[in-house]
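Here is a short briefing on a two-chain model. Please keep the sequence and the 3D view open while reading.

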Amino acid sequence: MFKQITNLHGDEIYLITSLWIFLVFFLLVALMLVWMKKEHINYMKDIPFDEAEEKDGEPLNKD
Amino acid sequence: MHLEQFNYDNRIVRDFAVATIIWGLVGMSIGLLVACQLIWPEMNFLTQYSTFGRVRPVHTNAVIFAFVGNGIFMGVYYSLQRVLKARMFSDVLSKIHFWGWQFIIVASAITLPLGFTTSHEYAEMEWPIDIAITLIWVVFGINMFGTIIKRRERHMYVAVWFYIATFVTVAVLHIVNSMQLPVSMWKSFYVYAGVQDALVQWWYGHNAVAFFLTTPYLGMMYYFLPKMANRPVYSYKLSILHFWSLIFIYIWAGPHHLLYTSLPSWVQSLGVVFSIMLIAPSWGGMINGLLTLRGAWDKVRTEPMLKFMVVALTSYGMATFEGPMLSLKQVNAIAHFTDWIVAHVHVGALGWNGFMTFAILYYLIPRVYKTTLHSKKLANVHFWIGTLGILFYAIPMYWAAVVQGLMWKEFTPEGVLKYPNFLATTLEIIPMHMMRAVGGALYLTGAIIMTYNLVKTIKKGNLLANEPAEAPALLPLKSVERDQHRRLERKPILFMVLALIAILIGGIVEMIPTFTVSSNIPTIAAVKPYTALELQGRDLYIREGCVNCHSQTVRPFRSETSRYGEYSKAGEFVYDRPFLWGSKRTGPDLHRVGGKYPHKWHFDHLLDPTITSPGSIMPAYPWLIDQTLDNSTLQAKMRAMRSLGVPYSSNEIDRALIDLQKQATGITKDLASNQVEIRSDREIVAMIAYLQRLGTDIKAVVPEDAAAKTDQ
């Protein structure tokens, strides 16, 4: 159906290598996420909400 | 725990906010002017400083670097201080950054209409301004990293990662894309030529969109959207995944701007594949933003700034879906060079960048002035007028693109082009261009209403220049953090280095082979350097911004070879510094225009395009007839070209003025025989010489021979 990749005249190596580089990179990031602790995630999510500003506004909704 | 007292610098945020508003109005007004010029050519005002070709780069640069640029710095200076719990590193650097950036904008606004341009899209400013941009960007970087280093928050919030990636990538893009050899104060030549120059330009152009118009705005979204909705970001894990994937993938996608050109096919394929992959991380950001509003949609009804954010995110989703679709060769074959691309970038610019900037202004101004917004009702009016403006802009442009793209490709049953006259396709879409101008006017009206609303807000409040804050000092870490990304989030320099590596990989894989493997750019023996007069004419073509409307690359389609002639080969551009392939065909492609018409036709066409093409929307260029060609730097230009690899002999350089005069005299004699009396030292003679040379080198060779040599 789609013929996006044609006539590479032996230069497929660039494409295949590039995709492998990305796959390895993506898997490394994904593994880091799997190992990440929930407390740290919640801590990081709350960084923009400093106490001084929350006093003036409504309470932070974390639902 | 000891709490440290400090102040946030709101004055610099206010300064950038005011600059954002002013330059936004200027950039949008110029955009409306150029939109009108494409309907009524008399709005070029018959002066050389206000033609479409010279003003269009003023519009694009004003919107990108003046409006969005100041918007980025406004958002970054506000959010960075708060997520790091620290005042900016240096007030002096903040001021240098602010005034330096405004100076660059003013210098660009003066030099571009004067015709001082490199013609690289979105990087048209000449080398002195490029150096100023580099210096001010370094000032911004020192100020940002200084703030990060003296922070009171151990871990860097996701917004800061995007700011770091923006800083480091824009620096790389700007430096690589600005490698020029100066000839004089306002003239330089790129060190790259032809296909390689095209690759560098669109690697830069595409990633300027990525790392100037996208990543800083994603960073701002991750700070301002949770603050506006009073809810934390939906998924922090998704933000990590989409950040790293986005910055890694984006850099590869540039070649999708050059599909079906003479760029090596493997580079085009890489551009296509990574463009398709780009949907995932882009939509990761959009989904993360929209889901942050989960449970807070009631606020969207009442808060205009959240309405702006929702449309901004939706526009981002649309533009980042459309971009990969445009990278599919089948779609690109029809849409490229049409108004589709204009619509695509404006959905991003008006919807994503414009609306988020407006939302942030509505959020920031009341806070730094310790007051409330003057009128929510007016903000709502702004929202609806602006949204209507985007629709009135984009829909007619898509319509125009499909109409014109199909007209270009339509053949009669007899097998000839149904619309052989390009102008017929241009005139067909004038009504759509009128609707586009209405859309632009609506959008600008909304921005004017916002300005009034914010000025009234400022007047009723008082600037809180130094906002008091407190936070515990950062103590040395006592326990080892096992989590890799958690460790990374507290190491800004390592973070920057890893981001740099992620963005360098794509550029290196695409560029190094294109530059070093000679088979990627086959040379053609018949292709010779430009003569002295043609070189001068080429610089006039660049000065007048002809590339803004005319491409110079014939794609290998029957519809294009029937209309223009033989498709373009990589080897034909080896002496082109800069390449002039263009990105939009408001007028026809000119790569094979050489020898197509007599000199007299070009003279008449430049004097008044309607003489040769009744109904043409091209501006007239009468000053080319009045002005004397400036040859004072001609030999310096040829010497510069020779140092970059163009095989001009010493004899050719020494005799340049004599040869120029000889060729010019030949043209004026031909014109005289057609009842046109003109002196040979006029600019129009050089322009005609250049146009008559275009694409003729391989015409001199039997086509089969040329093809055989190209295949070698």
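Helices here are DSSP runs of H or I with at least four residues, numbered from the N terminus. By that numbering, B:P578 lies in the loop between α21 (558–563) and α22 (599–607) of chain B. The model is a predicted one.

**Chain B: overall build**
- Chain B holds 29 helices and 4 strands.
- A compact globule of 712 residues would have a radius of gyration near 27 Å, and chain B agrees because its value is 26 Å.
- Along the principal axes, the C-alpha atoms of chain B fill a box of roughly 90 × 50 × 50 Å.
- Of the 712 residues in chain B, 54% are buried.
- Take the contacts in chain B with a separation of 6 or more: residues 24 or more positions apart account for 84% of them.

**Chain A: overall build**
- Chain A has 3 helices and 0 strands.
- Its pattern along the sequence reads α-α-α.
- Buried residues make up 6% of the 63 residues of chain A.

**Where the chains meet**
- On the chain B side, 39 residues are in contact with 34 residues of chain A.
- Several elements of chain B give two or more residues each to the side that touches chain A: α2 (52–84), α7 (215–229), α8 (236–250), α9 (265–277), α18 (484–488) and α19 (492–516).
- Which element gives the largest share of that side? It is α8(B), with 8 residues.
- By class, the side of chain B that touches chain A has 22 nonpolar, 8 polar and 9 charged residues.

**A helix pair in chain B**
- Helix α12 (residues 304–327) of chain B packs against helix α15 (residues 376–409) of chain B.
- The angle between them is about 20 degrees, and their axes are 9 Å apart.
- Angles under 35 degrees count as roughly parallel, so α12(B) is roughly parallel to α15(B).
- The crossing of α12(B) and α15(B) is left-handed.
- From α12(B), the residues in the contact are B:P304, B:K307, B:F308 and B:V311.
- They meet B:K376, B:A379, B:N380, B:F383 and B:T387 in α15(B).
- By class, this contact of α12(B) with α15(B) has 5 nonpolar, 2 polar and 2 charged residues.

**Backbone details in chain B**
- Most residues other than glycine have a negative phi, and most peptide bonds are trans.
- Which residues does a cis peptide bond join? The bond links B:R577 and B:P578, with omega about 0 degrees.
- B:N230 has a positive phi, near 55 degrees, and is a residue other than glycine.
- Where does B:N230 lie? It is in the loop between α7 and α8 of chain B.
- Both of those helices are among the elements that give two or more residues to the side of chain B that touches chain A.
- B:N230 has 17 other C-beta atoms within 10 Å, so it counts as partly exposed.
- B:Y260 also has a positive phi, near 65 degrees, and is a residue other than glycine.
- B:Y260 sits in the loop between α8 and α9 of chain B.
- Is B:Y260 buried or partly exposed? A buried residue needs 20 or more other C-beta atoms within 10 Å. B:Y260 has 19, so it is partly exposed.

Note on methods. Residues are numbered from 1 along each chain as its sequence is written. Chains are lettered from A and ligands numbered from 1 in the order in which they are written. This is a predicted model: local features need pLDDT of at least 70, side-chain atom pairs count only at pLDDT 80 or more; totals for chains, interfaces and linings use all residues. Axes are lines fitted to C-alpha atoms, for helices over the stretch in contact, and angles run from 0 to 180 degrees between N-to-C directions. Angles under 35 degrees count as roughly parallel, over 145 as roughly antiparallel, 65 to 115 as roughly perpendicular and the rest as oblique. A crossing is left-handed if the near helix is turned anticlockwise from the far one by less than a right angle, and right-handed if clockwise. Two residues are in contact if their C-beta atoms, placed from the backbone, lie within 7 Å. Ala, Val, Leu, Ile, Met, Phe, Trp, Tyr, Cys and Pro count as nonpolar, Asp, Glu, Lys and Arg as charged, and the others, Gly among them, as polar. The radius of gyration is taken over C-alpha atoms; the globule rule is 2.2 Å times the number of residues to the power 0.38. A residue is buried if 20 or more other C-beta atoms lie within 10 Å of its own, exposed if 12 or fewer, and partly exposed in between; C-beta atoms are placed from the backbone.
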